[in-house]
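Here's a short tour of a protein model with a ligand in it. Have the sequence and the 3D view open, and let's look around together.

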Amino acid sequence: MSQTQQVLLQVQHVSKHYHDGEVTTQVLSGVDLTVYKGEQLAIVGSSGSGKSTLLHIMGTLDTPTSGNVMLDGEDLYQLSSARQAIIRNQDLGFIYQFHHLLPEFSALENVAMPAFIQGRDKKQALVDAQNLLERVGLGHRLHHIPAQLSGGERQRVAIARALINKPKLVLADEPTGNLDASSGNNVYAMIRELAQQFGTAFVVVTHDHSLAAKMDRQLTMKDGVLQVTANPTAVGLAE
Ligand SMILES: Nc1ncnc2c1ncn2[C@@H]1O[C@H](COP(=O)(O)OP(=O)(O)OP(=O)(O)O)[C@@H](O)[C@H]1O
């Protein structure tokens, strides 16, 4: 990225552990991370290393044992749960391996839902949802429910839904993990292109190193902290 880097989100010395009787599981051990506006960042690391836990904490879906997460100047874990819910709806988009679409609603309604929740005009929300579905190549599937869509199509609906409110940050957890390599590549390319156009920052957790290598920056979760993996000097973003 050549433009001046503006900070969007800061993970500040975040730790997370679980207690189960006598047993303590330390998952995150003082993670520091800065995400810049519009950047595309991959987090890789072995299974169980804490990648999803960190992503959830960045998205207010889990709480840190200690440390802070700042999003555009707001300290997320000092906010009320009502304010956190507004931030999840307006500023964040989520994409998961298993899309989590609402099974009884059409593709169009699934995509429009976050805009309905935001209180946007219903007609306009449906128009925006249709536009986004057309952008991801699903203009011919607007009224299909998830059960009538393929895995790759469902994932494209989930991408459109994540972007409908033009979030500042999209958090994706193995978004192509259940797709074959070619569909995975397509879905990934689509997320990256749309995120770029919307000026949305994109953080993805993945096991796929070839996909991760296409991002602006790659970090590896190891021993409870993030380590720089690839080519940080090229983008001037080393932590
Ligand atoms: N409620 C819990 N109680 C105890 N340990 C937990 C709990 N939830 C998660 N863990 C542990 O936290 C660790 C990190 O889990 P996490 O899902 O963040 O890993 P990950 O790097 O995303 O793994 P994967 O790549 O396999 O999805 C795991 O070892 C897991 O067993």
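## Around the ligand

Which residues surround the ligand? They are Y18, D20, T25, V27, G45, S47, G48, S49, G50, K51, S52 and T53.

Before going on, a word about the model: it is predicted, local features need pLDDT of at least 70, side-chain atom pairs count only at pLDDT 80 or more, and totals for chains, interfaces and linings use all residues. Residues are numbered from 1 along each chain as its sequence is written.

Three elements, β1 (7–20), β2 (23–36) and α1 (51–58), each supply at least two residues of the shell around the ligand. The most comes from α1, with three residues. Those element names follow DSSP runs, numbered from the N terminus: helices are H or I with at least four residues, and strands are E with at least two. Sorted by class, the shell holds two nonpolar, eight polar and two charged residues. For that sorting, Ala, Val, Leu, Ile, Met, Phe, Trp, Tyr, Cys and Pro are nonpolar, Asp, Glu, Lys and Arg are charged, and the others, Gly among them, are polar.

## The whole chain

Zooming out, the protein chain has eight helices and 10 strands. Its radius of gyration is 18 Å, close to the 18 Å that the globule rule gives for 239 residues, so the chain is as compact as a globular protein of that length. That radius is taken over C-alpha atoms, and the rule is 2.2 Å times the number of residues to the power 0.38.

Of the 239 residues, 41% count as buried. A residue is buried if 20 or more other C-beta atoms lie within 10 Å of its own, exposed if 12 or fewer, and partly exposed in between, with C-beta atoms placed from the backbone.

Why does the length of α4 make sense? At 1.5 Å a residue, the 14 residues of this helix (122–135) should span 20 Å, and its end C-alpha atoms are 20 Å apart, which agrees. The expected span is 1.5 Å times one less than the number of residues.

In α4, the buried residues are A125, D128, A129, L132 and L133. They cover an arc of only 135° around the axis, which puts them on the same side of α4; the arc is that of the directions from the helix axis to the C-beta atoms. An α-helix has 3.6 residues a turn, so residues three or four places apart point the same way. On the face turned away from the buried side of α4 sit the exposed residues K123, Q124 and V127.

What do the buried residues of α4 pack against? Their partners are α3 (107–118) and α5 (151–163). Contact here means two C-beta atoms, placed from the backbone, within 7 Å. The buried residues of α3 include A107, L108 and N110, and their cover includes α2 (81–90), α4 and α5. Just after α3, G119 takes a positive phi of about 90°, and just after α4, G137 has one of about 80°.

G93 is in strand β6 (92–96). This glycine is buried, with 29 other C-beta atoms within 10 Å. Not counting residues up to four places away in sequence, G93 touches A162, L163, P167 and V170.

H13, in strand β1, has a positive phi of about 50° although it is not a glycine. T60 also is not a glycine, yet has a positive phi of about 60°; look for T60 in the loop between α1 and β4 (66–71).

Notes
Near = placed C-beta within 6 Å.
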